Amino acid sequence: MSKAGALDLASGLGGKIEKTDVLSAVDKYEKYHVSFGGEEEARKANYTDMVNKYYDLVTSFYEYGWGESFHFAHRWKGESLRESIKRHEHFLALQLGLKPGQKVLDVGCGIGGPLREIARFSSASVTGLNNNEYQIARGKVLNRVAGVDHTCDFMKADFMKMPFPENNFDAVYAIEATCHAPDAVGCYKEIFRVLKPGQYFAAYEWCMTGSFDPNNEEHQRIKAEVELGDGLPDIRSTTQCLEALKKAGFEVIWDKDLAASSPVPWYLPLDRSHFSLTGFRLTAIGRFLTKSMVVALEYTGLAPKGSQRVQSFLSKAAEALVEGGKKEIFTPMYFFLARKPLDGQ
């Protein structure tokens, strides 16, 4: 964990939002979502503002509890969470066939945990695309610490309108990031445009599975709580993602919900019935202590007003993710490997 202390957590809360404006930012963010009367179309139309507010508010919580790589992983028995996360990233690099010196794009890179791991594993040069200024600033610091700042960097931009020329990258990947896009086809078309002909795009997508019933109120509640707690305009189905890839022009090499074959459930770190010393901050006791700490930090003024509400909707989302995982209606690791045809059409 790179930000271990309570004061580090408090100092990062709100990201680039002025501390006095955090509470109003929480108000505005919550009102985008169904639980607070928000509409899907409004979330899609204002996705840049919504997602930026979300990551300004939650990045320090993520790093405090999860580390530098904000994603789940397929996990073997006897494998720690940290080991599984690294293997999940290595698997992606291997599927892409990354080689030393290649130019690679990480779409929606967070603070760059996967970027750094994949760069060290493959010796490729990786550019992280992110529209959140606070996460980029944090990522640049961590790149320098890791010693990859000469081969890896960040670009602040919207992945629906990338500032890169056509046929620019040897490979592109996204890890639980393009789920934030308001339109999957538009996002995949941009990735198609900047990828060199004959090269590959691989991703782990957050999706509703074939078991999700849109007419089931409990299923709808779980979906809405995940969207609120994770800054999503709408969670697409695996079928919708697959069709969007084809409409964007990609040849799909293979696809699979890797959660379905994970020997250890992907949601186990968030399950209140599970206890782990290595992932203590994610356990029920750890989350209770974090909540108590945030209450104290906000009360003393070290953390801005509204911090407790951020911790609350993140905790509620964790419960919804566990429910969605147990009911097998949601997956955070629908994997696909797709290729841009050689003719580039």
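These are my notebook entries on a predicted model, taken one place at a time.

**Entry 1: the largest nonpolar core**

I started with the largest nonpolar core, which has 47 residues. I looked up which members touch the most other members, and they are Phe72, Leu92, Tyr173, Trp206, Trp266, Leu321 and Phe330. Next I listed the elements that give two or more residues to this core: α5 (81–96), α6 (113–122), β4 (169–175), β5, α9 (217–230), α12 and β7. The largest share comes from α5, with five residues. Apart from this core I found another, of 33 residues, including Leu105, Leu129, Ala174 and Phe336. As a general note, nonpolar side chains in soluble globular proteins tend to be buried together.

I then took tyrosine 173 by itself and left out residues up to four places away in sequence. Its contacts are Leu92, Leu96, Val104, Leu105, Asp106, Val107, Pro114, Leu115, Ile118, Val126, Phe201 and Ala202.

**Entry 2: serine 84**

I stayed with helix α5, where serine 84 is found. Is serine 84 buried or exposed? Its relative accessible area is 0%, and the cut-off for buried is under 20%, so I put it down as buried. I followed the side chain of serine 84 to the backbone oxygen of leucine 81, which it reaches at 2.7 Å. Setting aside residues up to four places away in sequence, serine 84 touches Ala73, His74, Arg75 and Glu79.

**Entry 3: helix α10**

I went through helix α10, residues 238–248, for buried positions. I noted Thr238, Cys241, Leu242, Ala244, Leu245 and Ala248. Looking down the axis of α10, I found these buried residues within an arc of 160°, so they line one face of the helix.

What covers the buried residues of α10? My list includes α8 (184–194), β5 (195–208), β6 (251–257) and β7 (330–339). I also checked what follows α10: it is glycine 249, with a positive phi near 110°.

I have glutamate 176 as buried, because its relative accessibility is 7% and buried means under 20%. I have glutamate 328 as exposed, because its relative accessibility is 56% and exposed means over 50%.

**Entry 4: arginine 309**

I moved to helix α12, residues 307–326, where arginine 309 is placed. Which residues does arginine 309 contact, leaving aside neighbours within four places in sequence? I wrote down Leu23, Val26, Asp27 and Glu30.

I checked two of these side chains for polar contacts. The side chains of arginine 309 and aspartate 27 are joined by one of 2.6 Å. The side chain of glutamate 30 also makes one with that of arginine 309, at 2.6 Å. Arginine 309 and aspartate 27 are 282 residues apart along the chain, and their C-alpha atoms are separated by 9.4 Å.

**Entry 5: isoleucine 17**

I found isoleucine 17 in the loop between α1 (6–12) and α2 (22–30). Its relative accessibility is 16%, and under 20% means buried, so isoleucine 17 counts as buried. Not counting residues up to four places away in sequence, isoleucine 17 touches Val22, Ala25, Asp56 and Leu57. I noted the separation from aspartate 56: 39 residues along the chain, and 6.8 Å between the C-alpha atoms.

**Entry 6: helices α4 and α7**

I ended with helix α4 (residues 47–66) and helix α7 (residues 133–146). They pack at an angle of about 35°, with their axes 9 Å apart. On the α4 side I noted Tyr55, Asp56, Thr59, Ser60 and Glu63, which meet Tyr134, Gln135, Arg138 and Leu142 in α7. The residues of this contact divide into three nonpolar, three polar and three charged.

Conventions: Residues are numbered from 1 along each chain as its sequence is written. This is a predicted model: local features need pLDDT of at least 70, side-chain atom pairs count only at pLDDT 80 or more; totals for chains, interfaces and linings use all residues. Side-chain values use heavy atoms; hydrogens and water are left out. Helices (H or I, at least four residues) and strands (E, at least two) are DSSP runs, numbered from the N terminus. Contact means heavy atoms within 4.5 Å. A polar contact is a pair of N or O atoms within 3.5 Å; within protein, one must be able to donate a hydrogen and the other to accept it, and residues adjacent in sequence count only if both atoms are side-chain atoms. Buried means under 20% relative accessible area, exposed over 50%, partly exposed in between (1.4 Å probe, protein chains only). The arc is that of the directions from the helix axis to the C-beta atoms. Axes are lines fitted to C-alpha atoms, for helices over the stretch in contact, and angles run from 0 to 180 degrees between N-to-C directions. Ala, Val, Leu, Ile, Met, Phe, Trp, Tyr, Cys and Pro count as nonpolar, Asp, Glu, Lys and Arg as charged, and the others, Gly among them, as polar. A nonpolar core is a set of buried Ala, Val, Leu, Ile, Met, Phe, Trp, Tyr and Cys residues joined through side-chain atoms within 4.5 Å.
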